[in-house]
Structure formats: structure tokens, C-alpha cells
Amino acid sequence: MDYKELADPATRTLVEALLGSETITARKRWALLQLSVWQEAGWVEPQATAGSYRVTHRGRLVFQHALLELKLHQQPDTEQSLQQMALELPSRVHRQVLGALLRGDRHY
């Protein structure tokens, strides 16, 4: 699964629901279609009740990885922010100054 798929709020909500509970029951058509695609990939498995699914071990790993990757890509790019400020730093800079500029904390 590509992290870009989780940019859709409904898909992200579905993944978070799968990771957050033992089983989920889907009623919306798009969710059932998405779950059937994930079932073919081996990420979810249907339960006895119609429309009920649970995440497999492999699916849990895939979904957690995609969520972490999405979080990483949503973090601001500090290097680009520094370039936009057009700061000219000397060739040798103290580590606390860089920590403050890059992470907002001089103790980083």
C-alpha cells in the first residue's frame, strides 16, 4: 500500500478503524469495495457476519507502515524552510544553533 492512498480521509479512517478494533462492519459500498481489494491482497479477512472484516497480521504491518510513512511526509521540511528564509550561515555553526534552526530546540 502506498502512503498516498491514505491522503483520502475516508480511506485513512477505514484503516485506523481496522487497526483500532478487533473487527469492523462496513456498510458503505466504497468501503466494501476497498475491503474486497484488500482481501485479495491478503490484508483483511471476512468474518461470519456479512460486511464484517478483521485485519490480518500482514495487513496490520502494511497499514501501520503506510500510516507512519504518511506522517513522515506530512512533517514540514526544515531544510526547505531554512532556504526560504535565505539565511546565510557561517561554514562552522554550533550544534545548538543548528538544533534550534532545524528542530526548534537547541538541546536537540
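Predicted model: local features only at pLDDT ≥ 70, side-chain atom pairs only at ≥ 80, totals over all residues.
Residues are numbered from 1 along each chain as its sequence is written, and side-chain values use heavy atoms, with hydrogens and water left out.

Taken along the principal axes, the C-alpha atoms fill a box of roughly 65 × 25 × 20 Å. The accessible surface comes to about 8,000 Å², and 51% of it belongs to carbon and sulfur atoms; such areas come from the Shrake-Rupley method with a 1.4 Å probe, and for residues only the protein chains shown count as cover. Of the 108 residues, 24% count as buried. Here buried means under 20% relative accessible area, exposed over 50%, and partly exposed in between (1.4 Å probe, protein chains only). Among contacts with a separation of 6 or more, 42% come from residues 24 or more positions apart, contact meaning heavy atoms within 4.5 Å.

I turn now to the sheet. Strands of a sheet pair through backbone hydrogen bonds, either parallel or antiparallel. In this model, three strands form an open sheet with the order 1-3-2 and antiparallel pairing. Its edge strands are strand 1 (24–25) and strand 2 (44–46), each of which pairs on one side only. Two strands are said to pair if DSSP finds at least two bridges between them. Strand 1 is joined to strand 3 by two bridges, and Thr 25 has Ser 52 of strand 3 as its bridge partner. Strand 2 pairs with strand 3 (residues 52–55) over three bridges. Within that pairing, Val 44 stands opposite Val 55, and the bridge partner of Glu 45 is Arg 54. The hairpin of strand 2 and strand 3 has five residues between the strands, and Gly 51 takes a positive phi near 80° there.

Which residue forms a salt bridge with Glu 45? The partner is Arg 54, with the closest N and O atoms 2.6 Å apart. The criterion is a side-chain nitrogen of Lys or Arg within 4 Å of a carboxyl oxygen of Asp or Glu, and by this rule the count comes to one salt bridge. Glu 45 is partly exposed at 27% relative accessibility, and Arg 54 is partly exposed at 29%.

Next, the helices. Thr 11 lies in helix 1 (residues 9–20). Is Thr 11 buried or exposed? With a relative accessible area of 7%, Thr 11 counts as buried. Not counting residues up to four places away in sequence, Thr 11 touches Glu 5, Leu 6, Trp 30 and Trp 38.

Arg 60 is found in helix 3 (residues 57–74) and is partly exposed, with a relative accessible area of 29%. Leaving aside neighbours within four places in sequence, Arg 60 is in contact with Leu 18, Leu 19 and Val 55. Arg 60 and Leu 18 are 42 residues apart in sequence, yet 8.3 Å apart in space, C-alpha to C-alpha.

Leu 82, in helix 4, is buried at 15% relative accessible area. Beyond its neighbours within four places in sequence, Leu 82 is in contact with Leu 87, Leu 101 and Leu 102. Leu 82 and Ser 36 are 46 residues apart in sequence and 45 Å apart in space, C-alpha to C-alpha.

Finally, the surface. Met 85, Leu 87, Leu 89, Leu 98 and Leu 102 form a nonpolar patch with about 410 Å² of accessible area together. Patches are made of residues with over 30% relative accessible area and no salt bridge; like charges are joined within 9 Å, and nonpolar side chains (Val, Leu, Ile, Met, Phe, Trp, Tyr) within 5 Å. Leu 89 sits in the loop between helix 4 (78–85) and helix 5 (95–103) and counts as partly exposed at 42% relative accessibility.

Conventions
Helix = DSSP H or I, 4+ residues; strand = E, 2+ residues; numbered from the N terminus.
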